[in-house]
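Please read it alongside the sequence and the coordinates.

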Amino acid sequence: MAEIDKDDLISIIEEDEKDAKFPEILPLLSVRDVVIFNDMLLPLFVGRKKSVRAVEEAVSKDGILLIVTQKDPGVENPKPDQIFSVGTVSRILRILKLPDGSIKALVQGIAKARIVKYVLKRSLYRVKIENIVEPPIKKTSLKIEALMRNIREQSEKILALRGEMTSDVSAVLESIEGPGKLADLVASNLRLKIDESQMLLELIDPVKRLRKVNDLLTREVELSSMQAKIQSDVRDEISKNQRDYFLREQVRAIHRELGESDDKVQEIKDYQKKIKSAKMSKEANKEALRQLKRLEQMHPDSAESSVVRTYLDWMVDMPWSKTTKDVIDIKQAKKVLDKDHFALDKVKDRILEYLSVRKINPKMKGPILCFVGPPGVGKTSLGQAIARAMKRKFIRISLGGIRDEAEIRGHRRTYIGALPGRILQGLKQCGTNNPVFMMDEIDKLGSDFRGDPSSALLEALDPEQNLAFSDHYLNLSFDLSKVMFILTANLTDTIPSALLDRMEVITLPGYTEEEKKTIAQRHLIPRQIKENGLRARNMSISPGALHQIIKEYTYEAGLRNLEREIGALFRKVARKIAEGNKGHFRITKNNLQQYLGVAKYYPEMDQEKSQVGLSTGLAWTQTGGDVLYVEASLIGGKGELLITGQIGDVMQESARAALSYARANLSLLGVKKNVFENKDVHIHVPAGAIPKDGPSAGIAIATALISVLLNKPVNKDVAMTGEITLRGRVLPIGGLKEKALGALRGGIRTIIIPEKNKKDLVEIPSHIKRKIKFIPVKNMDRVLSLAIEGNVMGNG
């Protein structure tokens, strides 16, 4: 343990004795924004009247006064309770009176003191004080010595960071051996808050004060280090920018001397020309010029300049005023549509109506058409035909699987790699603002946490709103009212109602076998001959072979699989020719299997004869109409209902309603009332691997069940569609045209339909009505009399 030197101990005792000689009553000087410590020299500017009188009274006596900090520096004339109770007894070393009555004084702290009582408060503050004597330290421990050394090193580090470190300062720090004096010296030179400085002043124990100063000093070192680093970084950046600027100016000067143009200046000029030639809207032109001005002020290699440059490229490339002139010749348009598409008369009539109105009123808003139908019926190719008929550009995008709203509205420019939405991308790609814009698979839009694309489409597809469509990337209004939007879907069930309300739905139900045969002969066969490198003289397909391909190798409402099979047939022929075989290849029904293999599609059920408990229903699917067989059987049990075949909730309810109807009419049917007591009813709808649901199988289920109860077969040539009620009424259904086509493909020639669906027969082509007999019915009695062989319940 190191001991205090004798000379230091004598000095402390002498100071204590000297402190004891201070008068008990001293004038008080309150100061703001500063706390005076022992031995601290401080120049003061004294201007308040009470403060001036306190200084004058001290000078008139022995130059001693008490300096205390006020709690709130904003108070002009603090009251006693607004002044701290602990301050520093100080000696006035110098004084200078100024012409305005204020005083400049140099003071030095001598000793700490506590205010005991305010003796005078009016003209000046005169207080009775109590001298504060620090407890003497007999021995300086290693811990205290280490703490003092750390404070000296930290102090030197701060002064070095500030650029104020000198050898004299270091010598002064080393010469101070008392913990209290070192703490006071360092605290008086730290940039502390008033509350922190006052707290240190009121700490009597020198060791505690030293520890607290060490904590504050550590924080100050960290702050000073960070500040020095920031200043250094800024200084380096400024130096680099100045160097880069100087070098760029030199390069510009060299280019000017060589007669070469400045790239940046030339780029700005090019953008100005492009903006002018783009003929933007007033709002867009203003924004483009504002962004161009920003680009002009940026460094060419900065990240922000590339973002602005990309934005300007999109702005000048958008077709703000580029429009293709419509060449509308109704007769020619009809020829184009008839040449490319066989049948589809209703669709072609609607397109020609639009073109006629467009010819009379060129300013009309573009319609929003939605082609709904099974795959392969020609929805996309119809859009291309419309574009050719109008001499417009054609652009197509697929919306299937899109879940991000930004795909429609675009990304905001704050994101890296941001781009406009698919709509504006398509318009830029085609280069005009009035193309035929086809959006495929509108029914397969998704939605998740990134937004709802279908909601974003509402603005684009609303004729009343799309004249000011706002894309997040451009953040400007773009006129879409001249665009002819055509959407396609397989079904409308998954399209949101608000979006569906904005569209004119045109249904494409599918093709009959005769229509497929005609389309194959006119379009598919010539196209596949060309694509496979063949010539018409190399081969031919007999009408019987073509009919067999349609009947046994495809089963669809559209034409995709038919064209695929024809393509496979022609590839076989092409291979034979490539192998050196010569002559004319004729495909007939007899040799078709040599090219395409065995038939792929057979009737689902063996319906060579009518069977008990087997009825024929009709279903509507995404791929068109289809035949739906219903089987019913009675088995031993307790009267329960078993339903199999992946039937949905709606069809299950139809089955329960059919069973209830049968139970309620057992007496009319001539069946024993206790037939269900020891029998379960099993209803099965093949094929079991395919999910089925819908509100149109009720009468088919009831017919199959009653056929089992009566043990009489259901006519195999009769199909039926309709929902049943508990009272036996037959309710209307939808998709009659599609179901009729499906029945025709299945070889059905008689269809029982609800009475209220008679109005839909108008929509069915006459050549289908010539081949199929439609029988409207009101109730189940009539259905049973027509479907079950033998008159069961009269003619209803």
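The points below are grouped by type of contact, with the conventions given where each term comes up.

The model is predicted, so local features are reported only at pLDDT of at least 70 and side-chain atom pairs only at pLDDT 80 or more, whereas totals for chains, interfaces and linings use all residues. Residues are numbered from 1 along each chain as its sequence is written, and side-chain values use heavy atoms, with hydrogens and water left out. A search of the whole structure finds four aromatic pairs, and a search for salt bridges finds 34.

**Aromatic pairs**

- Rings of Phe, Tyr and Trp (its six-membered ring) count as a pair if their centres lie within 6.5 Å; planes under 30 degrees apart are called stacked, over 60 edge-to-face, and the rest tilted.
- One of the four pairs is Trp 320 with Phe 478, a tilted arrangement with 5.1 Å from centre to centre and 55 degrees between the planes.
- This pair links distant parts of the chain, 158 residues apart: Trp 320 is in the loop between α10 (303–317) and α11 (330–340), and Phe 478 is in strand β13 (residues 477–478). Helices (H or I, at least four residues) and strands (E, at least two) are DSSP runs numbered from the N terminus.
- Trp 320 is buried at 13% relative accessibility, and Phe 478 is buried at 2%. Here buried means under 20% relative accessible area, exposed means over 50%, and partly exposed is in between (1.4 Å probe, protein chains only).
- Phe 437 and Phe 485 form a tilted pair because their ring centres are 5.6 Å apart and their planes stand at 40 degrees.
- Phe 437 belongs to strand β11 (residues 436–440) and Phe 485 to strand β14 (residues 484–489), so this pair ties together parts that are 48 residues apart in sequence.
- Phe 437 is buried, at 0% relative accessible area, and Phe 485 is buried, also at 0%.

**Charges over rings**

- A charge sits over a ring if NZ of Lys or CZ of Arg is within 6 Å of the ring centre and within 35 degrees of the ring normal.
- Lys 50 lies over the face of Tyr 125, 4.2 Å from the ring centre.
- Lys 428 has its charged end over the ring of Trp 314, at 3.9 Å from the centre.

**Salt bridges**

- A salt bridge is a side-chain nitrogen of Lys or Arg within 4 Å of a carboxyl oxygen of Asp or Glu.
- Lys 97 and Glu 56 form a salt bridge, with the closest N and O atoms 3.9 Å apart. Lys 97 is in strand β5 (residues 86–97) and Glu 56 in helix α2 (residues 49–60), so the bridge ties together parts that are 41 residues apart in sequence.
- Lys 97 is exposed at 57% relative accessibility, while Glu 56 is partly exposed at 35%.
- Glu 57 bridges to Arg 126, with the closest N and O atoms 2.7 Å apart. The pair links distant parts of the chain, with Glu 57 in helix α2 and Arg 126 in strand β7 (residues 125–131), 69 residues apart.
- Glu 57 is buried at 13% relative accessibility, while Arg 126 is partly exposed at 24%.
- Glu 405 and Arg 409 meet in a salt bridge of 3.6 Å, N to O. Glu 405 is partly exposed at 25%, and Arg 409 is buried at 15%.

**Helix α19 and its cover**

- Helix α19 (residues 543–553) has as its buried residues Ala 545, Leu 546, Gln 548, Ile 549, Ile 550 and Tyr 553.
- The elements that cover these buried residues include α18 (513–531), β16 (539–541), α20 (560–578), β17 (585–587) and α21 (592–596); contact means heavy atoms within 4.5 Å.

**Surface and span**

- Met 226, Ile 230, Val 234 and Ile 238 form a nonpolar surface patch, with about 360 Å² of accessible area together. Accessible areas come from the Shrake-Rupley method with a 1.4 Å probe; for residues, only the protein chains shown count as cover.
- Patches are made of residues with over 30% relative accessible area and no salt bridge; like charges are joined within 9 Å and nonpolar side chains (Val, Leu, Ile, Met, Phe, Trp, Tyr) within 5 Å.
- Ile 230 is in helix α7 (residues 206–258) and is partly exposed at 48%.
- Ala 160 is in helix α3 (residues 142–162) and is partly exposed at 47%.
- The C-alpha atoms of Ala 160 and Val 783 are separated by 106 Å, and the two residues are 623 apart along the chain.
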